[in-house]
Amino acid sequence: MNNRPGPRAIHPEKVQLTDWKSSLKRIWHYLDSRRSKLVLVFFLTLVTTVVTIVGTRLNGIIIDRFISHGKLRLLLLVCLAMALMYITSSIFIYFQNKIMIRVAQDTSAQIRHDVFANLQQLPMRYFDTHDNGDVMSRLTNDVDNINTALMQTFVQLFTGVISVVGMGIAMLILSPLLTVIALLSSVATYIFTKAIARITQKAFVTQQQALGSLNTQIEESVSGKQLIQLFDHTAETMVAFDTTNTEYTKAAFRAQAFSSTIGPFNNMINNIAYVLITAAGALSILMGSHAITVGIIFTFLIYLRNFTGPINNILDLINTLQLSLASAERVFKLIDERPEQDATHARRLTHTEGNVTFEHVSFAYDQKMILQDINLSAKPGEVIALVGPTGAGKTTIMNLLTNLYPLQQGRILLDDVDVTDIQRHDLRRMVTIVQQEPFIFQMSIRENIRLGRLEATDAAVRLAAVRANADTFITQLPNGYDTILSENAHSLSQGQRQLLSIARAFVAEAPVLVLDEATASIDSNTEADVQKAMATLLQNKTSFVIAHRLSTIQAADQILVIDQGRIIERGTHQSLLAANGFYAKLYNSQFDS
Ligand SMILES: Nc1ncnc2c1ncn2[C@@H]1O[C@H](COP(=O)(O)OP(=O)(O)OP(=O)(O)O)[C@@H](O)[C@H]1O
């Protein structure tokens, strides 16, 4: 994770739309179950487009035949028919939009579900290497972009294609000469839009990327606001934010500025085409041609508007599509991240005696070796204390016990079974970890404790809280066990949070326990409660304690002294003091007082 609130460069390898075809295919695949709705939308679009073609032609006929020949009754009848047609067409457009909005929302909901489901199963490595804000951005903004594209593109694409084909044929029938002028203007707009799209494509990807970074910074500054204020980092945070904000603004400006030239340019070309068509038509009439009438010129101009409009729309859609495909690519990348999977031969484990053995375990998070040749053995019921300077690798050793990361070398056994051969679900029920800084979820206290074992009854939750010495403070809260905690659990003190996490461990009833003792100082009453609760929790379990408390260390069956990823001393408190080595020095300096 990145600890520093600061600007993040946009990763150059990410600024590419590498696989838009497969993204498009996958979005199409998501629409599989909604094909019938799409067919209905297509049908509605077809009808509304035909109405526009026929209606426009009737307008021309009114000009040529009824107005100049004074046939009022017929004129009224035709107008009534046209009104009916347009009303029906509007109703169809309403339904067409409604269906499409549903299709788009349902599809995005399904994509969001799939992303979130995969996120639940990703290995820790993924979260070590990806910023939270970026992940959030993929789940929210990027999926939203796909949604916008689905809502806009499908109807407009259907309408566009049907209109272009329909109007094209109608224009050709009306006047081949005027159609040639119309086509030339369309070709000009096509070439221009394509050129601009090429430039904007990259900018859109950069924009999404920068948005991810922006989200990360916002997320960090909100989560770490206390730290930022305590260390008076507000000014630096602001500078860092502004840098990323400027980066985002530049990319967004570039993307939008270029794509916004498309509209005015195309408008200009269209207006020129209108003038040319009117002039060419008028000239033909003046030269005595009977093939062209005022009504035909009028009809043709409206057809042309309905011809170039959709063409421009389709070209505009290319931009929306590009942004969405850039987003889709990021979303699908997250869906494609390989989830944490059990080995094919992994077996179930419903019971363990609690023997834990590390055999020549070596481990690196990236390239740098963190643990080297760790050997240890714990018998059922033993308490093993891990002590050592900060960053020595104590927490890492314990993370490996639950198979959170793959080992570089060696193996870890639970009752003679390699932990990588045990289904993770079972392994994690056998080993409970009480974290140094427990995470509290936004749910009731009861549910927060029940996280230890989801099927625990209310009575079991209560019993666990009593054993964790947490019941007293919980029952004093106005809503007791039903008190809803917030993510940051501001309503709870540090010590109360620890008691809750000990209660979670009691509920879990796992035979192996890992306890990362909190170093934060808490008031002496709560401290006494925590100590008592921990002592009870350790009973009859194989326990590993990343120890900071004198009492835990002295009572431990074995003390392992870790320094720079190696076990450098081991023994009981007395034997290690007698040896007068690293432990004795550490003990005397840290714990003597
Ligand atoms: N997720 C991670 N990715 C990369 N390196 C990590 C990760 N977690 C820890 N490290 C590194 O591994 C080393 C050991 O860290 P670890 O948390 O195991 O130490 P520790 O002995 O538990 O320290 P402390 O007493 O401060 O909690 C440190 O150098 C740390 O920077």
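Colleague: How many strands form the open sheet, and in what order?
Modeller: In this predicted model, 4 strands form the open sheet, in the order β2-β1-β4-β5, with antiparallel pairing. Strands are DSSP runs of E of at least two residues, and helices are runs of H or I of at least four, numbered from the N terminus. Two strands pair if DSSP finds at least two bridges between them.

Colleague: Which are the edge strands?
Modeller: They are β2 (369-378) and β5 (417-418), each of which pairs on one side only.

Colleague: And how many bridges join β1 to β2?
Modeller: Strand β1, residues 356-364, is joined to β2 by 6 bridges, and the two run antiparallel. Phe358 stands opposite Leu376 in β2.

Colleague: Changing topic, which residues does the "transmembrane region" annotation cover?
Modeller: The unreviewed UniProt entry gives 38-62, 74-95, 161-192 and 272-304. Such annotations may be inferred rather than shown by experiment; positions follow the numbering used here, and feature names are shortened. Residues are numbered from 1 along each chain as its sequence is written.

Colleague: How far apart are the end C-alpha atoms of residues 38-62?
Modeller: They lie 36 Å apart, and the span is 100% helix and 0% strand. For residues 272-304, the end C-alpha atoms lie 12 Å apart, with 79% helix and 0% strand.

Colleague: What is the mean pLDDT of the protein chain?
Modeller: The mean is 84, and 94% of the residues reach 70 or more; pLDDT is the predictor's confidence in each residue, from 0 to 100. Over residues 1-16 the pLDDT is below 50. Where pLDDT is low, the predicted coordinates should not be read in detail. Local features here need pLDDT of at least 70, and side-chain atom pairs count only at 80 or more, while totals for chains, interfaces and linings use all residues.

Technical notes. Two residues are in contact if their C-beta atoms, placed from the backbone, lie within 7 Å.
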